[in-house]
Amino acid sequence: STVSELSATVSAEYEAWRTRDLSQETVTYLFIDTVYEPLRRWGQKTGILCVWAICEDGRKVLVNLSTTNSESYESCVEVLRGLVKRGMRTPATITTDGALGVTKAIDTMWPKALRIRCWFHKMQNFQQKVPSQAWPEVKALLVDLRDAPTREKAEQRRDVIIEQYQREFPELCRCLLDDADASLNHLAVPQRHQQYVRTSNLVERAFVEERRRTKVIPHLWDEGSVVILVYGVLIRVSERWGKKCFSEFEQ
């Protein structure tokens, strides 16, 4: 009975949270990713699309949760449309892992926002294109490209890598040119903020907290159980991370 009462309390809290007004949130940097959890009742996994934000003053805020069977354009654009209806302003940047449905939805809803391709996922892709013996050398060049002082410098370094490895690792070069503009958009923000926006690690770190709970309940019964558990964990993570950490000058 105690567990049921707690679940009912969290359910009511979640309903109020998911419909709250977002017009007062000074969202600057947005992060979108999906975690998949198994449902025992249906014998399949369901995705929970999570939207996190870093606000103007540096607070890290959980903005939205939504269940989805896939990261399709229709599912993603519905989520983003819901955020706009609730008053969220256009973010300066949006960091994603490059899923086509998400990127197309962003282009539809927020064409003026800079979309950033997550470098953590990008580096994983690069590593699959290169033999392990050659990876340390290639990785050093890619990190140098990622950390370039300007976009112009980054483009020059990219051209050098392509020229150097075009014959030896053509798949690496194709991967490097895939979504090339989005991969360099992090260079448009202040240098101190680039480490925050160039990956979706904010979302991934939150998923680590969430999986500490779901790994001991590997097959939740239904969608409602998954959402309440994930929300209950992540909203408390959001409260812990909600410190103002940008100076007046940075803001």
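**Exercise 1.** Determine which exposed residues lie on the face of α1 turned away from its buried side.

*Solution.* Step 1: the face of α1 opposite its buried side carries S4, E5, T9 and A16, which are exposed (over 50% relative accessible area; buried is under 20%, partly exposed in between, with a 1.4 Å probe and protein chains only). The model is predicted: local features need pLDDT of at least 70, side-chain atom pairs pLDDT 80 or more, while totals for chains, interfaces and linings use all residues. Residues are numbered from 1 along each chain as its sequence is written, and side-chain values use heavy atoms, without hydrogens and water.

Step 1: the buried residues of α1 include V10, Y14 and W17. Seen down the helix axis, the buried residues of α1 fall within an arc of 65° (taken from the directions from the axis to the C-beta atoms), so they line one face. An α-helix has 3.6 residues a turn, so residues three or four places apart point the same way.

**Exercise 2.** Identify what covers the buried side of α1.

*Solution.* Step 1: the cover includes β3 and α11 (DSSP runs numbered from the N terminus: helices H or I, at least four residues; strands E, at least two).

Step 1: leaving aside neighbours within four places in sequence, L65 is in contact (heavy atoms within 4.5 Å) with residues including Y14, W17, V230 and L234.
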